[in-house]
Protein chains: 2
Amino acid sequence: MTVTPQAAFRALADPTRRDILMMLRGQELTIAQVAENFDMTRAAVKKHLVVLRDGGMIRTRPSGRERINSIDPAGMAPVLDWLTAFDLFWDDRLAALRQAIEEEDKK
Amino acid sequence: MTVTPQAAFRALADPTRRDILMMLRGQELTIAQVAENFDMTRAAVKKHLVVLRDGGMIRTRPSGRERINSIDPAGMAPVLDWLTAFDLFWDDRLAALRQAIEEEDKK
DNA sequence: CACACGTGATACCTTTTGGTTTCACGTATG
DNA sequence: CATACGTGAAACCAAAAGGTATCACGTGTG
């Protein structure tokens, strides 16, 4: 199941899905628990979770009659890779980052 | 005209638009020149350029009867900011980046 | 000035997307 | 075993997205 860059970018394109990712950043949640935080049906949230899964952003593990969703740390890689390849803006960011790191190393 | 993160993510969600950004990475192009590279009408490409502009990814400057499109380096900032705030995967990337920079500094 | 050229804008069409409702199914639990 | 619970899946709907064709308009150019 190779995750295409397109699936990854699509997963990030919806604000609800980005919120779900943020929500899952520190904790694992069942679909029902995720749905509690949104003003939409569980079914709608489920669909978003499927898109996130197709994009490689989350993993789902069954536990009894529940499904536990957690972030897939590797999922962001295709996006990062594209941004790196794009690399125009990257120069500035890299420069700032390099400086920050060097400053920190001086301590 | 504040660019919402949503507009930025939306701009990146379409493969044609990402291709356009890549195409604009090194050169400035008129809409007609951009359109030459795709199997779709100029009007369709124009729409993509509008979305990219709304997302803050490109700038358009008039030159006679032409419009010259170029990348806006600052456009990627909202995306980068979100990814940084998301920061789970970031750890690995940052670690690798830090190491690469430190290695280079030793030379 | 007449006219070709590059673009902007609009109407229109089809497909995708985000959402709902409803029902079937496996899993706990009284 | 009966039943409540969490989920999966399908049918359906409205709105958004991606595309086309077409026309209007400013800008060069013969």
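Predicted model: local features only at pLDDT ≥ 70, side-chain atom pairs only at ≥ 80, totals over all residues.
**Stop 1: helices 1 and 5 of chain A**

Select residues 5–12 and residues 77–86 of chain A, which are helix 1 and helix 5. Their axes come within 8 Å and cross at roughly 100 degrees, so helix 1 of chain A is roughly perpendicular to helix 5 of chain A. Display the side chains next. From helix 1 of chain A, Pro5(A), Ala8(A), Phe9(A) and Leu12(A) take part in the contact; from helix 5 of chain A, the partners are Pro78(A), Val79(A) and Trp82(A). Coloured by class, this contact shows seven nonpolar residues, with no polar and no charged residues.

**Stop 2: the sheet of chain A**

Turn to the open sheet of chain A, whose three strands lie in the order 1-3-2 with antiparallel pairing. Strand 1 (29–30) and strand 2 (58–63) of chain A are the edge strands, each pairing on one side only.

Begin with strand 2 and strand 3 of chain A, which are antiparallel and joined by six bridges.

**Stop 3: DNA strand C**

Select DNA strand C and the 20 residues around it. Those that come nearest are Thr41(A), Lys47(A), His48(A), Gly64(A) and Lys46(B). Of the atoms of DNA strand C within 4 Å of the protein, 67% belong to sugar and phosphate.

Which element gives the most to the surface near DNA strand C? Helix 4 of chain A does, with four residues. On chain B, helix 3 (31–36), helix 4 and strand 3 (66–71) each supply at least two residues. By class, this surface divides into five nonpolar, four polar and eleven charged residues.

- Thr41(A): 2.6 Å from a phosphate oxygen of DNA strand C.
- Arg67(B): 3.0 Å from a phosphate oxygen of DNA strand C.
- Arg65(B): 3.5 Å from a base oxygen of DNA strand C.

**Stop 4: DNA strand D**

Finally, select DNA strand D, which is also surrounded by 20 residues. The closest are Lys46(A), Thr41(B), Lys47(B), His48(B) and Gly64(B). Sugar and phosphate make up 67% of the DNA strand D atoms that come within 4 Å of the protein.

Show the backbone of Ala32(A): one of its polar backbone atoms is 3.1 Å from a phosphate oxygen of DNA strand D. For Asp14(B), a polar side-chain atom lies 3.4 Å from a phosphate oxygen of DNA strand D.

The elements giving two or more residues to this surface are helix 3 (31–36), helix 4 (42–54) and strand 3 (66–71) of chain A, together with helix 4 (42–54) of chain B. Helix 4 of chain B gives the most, with four residues. The surface near DNA strand D comprises five nonpolar, four polar and eleven charged residues.

Technical notes
Residues numbered from 1 in each chain as written. Chains lettered and ligands numbered in written order. Heavy atoms only, no water. Axes fitted to C-alpha atoms, helices over the stretch in contact; angles between N-to-C directions. Parallel < 35°, antiparallel > 145°, perpendicular 65-115°, else oblique. Contact = heavy atoms within 4.5 Å. Nonpolar A, V, L, I, M, F, W, Y, C, P; charged D, E, K, R; others polar. Near = heavy atom within 4 Å. Polar contact = N/O pair within 3.5 Å; in protein donor to acceptor, adjacent residues only side chain to side chain. Pairing = 2+ DSSP bridges.
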